[in-house]
Amino acid sequence: MLGWLSMIKLKDLLLERIVLDIKVGDVILVGKFKNKKMVVKSIGKDKHGMPTINGIKATTFRIAPKTEVNERVDFHDTAKQIVKKAGLKSKIVFAKRAGNKADYNVDTDTIYITPTSDFKDFLVTVFHEIDHAKDAQKFGKKKYKQRYELEMNKAVSKGGHAHDDNYFERKAEKYGRKMAKDYLGINRKNIYK
């Protein structure tokens with residue numbers, strides 16, 4: 001014995017009804033390569049009973065993927081949670097810094113971050129500064145400062161930039177990118193592509 005819902009589906013099948021999983025207002029992909037977006041304004045039938053969308057035959061189209069829900073992210077709260085999860089007690093301060101996206105103050109155990117709207121870049125920056133904080137925790141404040149300065153001097157003596165070519169900065173940047181990719185679930189080499 002067929003259920004009520006099965007009877008309706010059987011009736012649609014016998015009457016050769018075409019049921020589209022779209023409604024007015026949806027976005028579909030049309031064109032030769034199904035990459036041109038079109039908003040559905042009307043759904044109808046042509047003279048042969050075939051479905052039409054906006055008066056055009058509807059036999060070749062794709063339903064556009066649902067876009068991500070753009071929700072508002074509390075960057076400060078996110079940074080605090082990430083720092084706490086890393087086993088640190090560093091303070092987070094959002095402030096415009098001259099020349100840097102962010103920096104870590106060893107003496108006050110504070111991460112200063114320049115405000116941004118790019119979430120990926122923000123995550124890389126937070127994890128980058130966390131790496132500095134972890135090194136300071138590992139070596140101790142005084143020893144970390146000495147080692148960092150030594151690495152700056154090595155970079156300059158080799159003709160490089162004191163900050164960018166510094167071992168601790170390269171290591172922190174690599175860590176920041178890796179952790180941000182893990183956090184976002186990105187499985188490709190470059191996080192920014």
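Among the contacts in the protein between residues at least 6 apart in sequence, 44% join residues at least 24 apart, where contact means heavy atoms within 4.5 Å. The structure is a predicted model, in which local features need pLDDT of at least 70 and side-chain atom pairs count only at pLDDT 80 or more, while totals for chains, interfaces and linings use all residues. Residues are numbered from 1 along each chain as its sequence is written, and side-chain values use heavy atoms, with hydrogens and water left out.

## Overall make-up

The protein has five helices and nine strands, and along the sequence these follow the pattern α-β-β-β-β-β-β-α-β-β-β-α-α-α. Helices (H or I, at least four residues) and strands (E, at least two) are DSSP runs, numbered from the N terminus. Of the 193 residues of the protein, 30% count as buried; buried means under 20% relative accessible area, exposed over 50%, and partly exposed in between, with a 1.4 Å probe and protein chains only. The protein exposes about 14100 Å², of which carbon and sulfur atoms supply 55%, the accessible areas coming from the Shrake-Rupley method with a 1.4 Å probe and, for residues, with only the protein chains shown as cover.

## Two open sheets

Two strands pair if DSSP finds at least two bridges between them. Ile 28 has a bridge partner in each of two strands, namely Met 38 in β2 and Ile 63 in β6, while Leu 29 has Arg 62 as its bridge partner in β6.

A further open sheet of three strands has the order β3-β4-β5, again with antiparallel pairing. Its edge strands are β3 (43–45) and β5 (56–57), each of which pairs on one side only. Within this sheet, Ile 43 stands opposite Ile 53 in β4.

| Strand pair | Residues given | Sense | Bridges |
|---|---|---|---|
| β1 and β2 | β1 27–30, β2 36–39 | antiparallel | four bridges |
| β1 and β6 | β6 62–63 | antiparallel | two bridges |
| β3 and β4 | β4 51–53 | antiparallel | three bridges |

## The largest pocket

The largest pocket has a volume of about 530 Å³. On a 1 Å grid over the protein atoms alone, a pocket is an open set of points with protein on both sides within 12 Å along at least five of seven lines, and lining residues have an atom within 4 Å of a point; grid points are joined across faces, edges and corners, and a volume is the space filled by probe spheres set on the points. Of the 26 residues that line this pocket, the closest to its centre are Glu 129, His 132, Tyr 148, His 163 and Glu 169. The elements that give two or more residues to the lining are β8 (102–105), α3, α4 (141–157) and α5 (167–184), and the largest share, six residues, comes from α3. The lining divides into eight nonpolar, seven polar and 11 charged residues, where Ala, Val, Leu, Ile, Met, Phe, Trp, Tyr, Cys and Pro count as nonpolar, Asp, Glu, Lys and Arg as charged, and the others, Gly among them, as polar.

Asp 135 lies in helix α3 (residues 119–139) and counts as buried because its relative accessibility is 5%. Leaving aside neighbours within four places in sequence, Asp 135 is in contact with Gly 140, Tyr 144, Phe 168 and Lys 171.

Glu 173 is placed in helix α5 and, at 29% relative accessibility, counts as partly exposed. With neighbours within four places in sequence left aside, Glu 173 is in contact with Val 124 and His 128. The C-alpha atoms of Glu 173 and His 132 are separated by 9.9 Å, although these residues are 41 residues apart along the chain.

Val 73 sits in the loop between β6 and α2 (75–85) and, at 31% relative accessibility, counts as partly exposed. Apart from neighbours within four places in sequence, Val 73 is in contact with Thr 78 and Phe 119. Val 73 and Ser 117 are 44 residues apart in sequence and 9.6 Å apart in space, C-alpha to C-alpha.

Technical notes. 1 Å grid on protein atoms, 1.4 Å probe; cavity = no way out; pocket = protein on both sides within 12 Å on 5 of 7 lines; lining within 4 Å.
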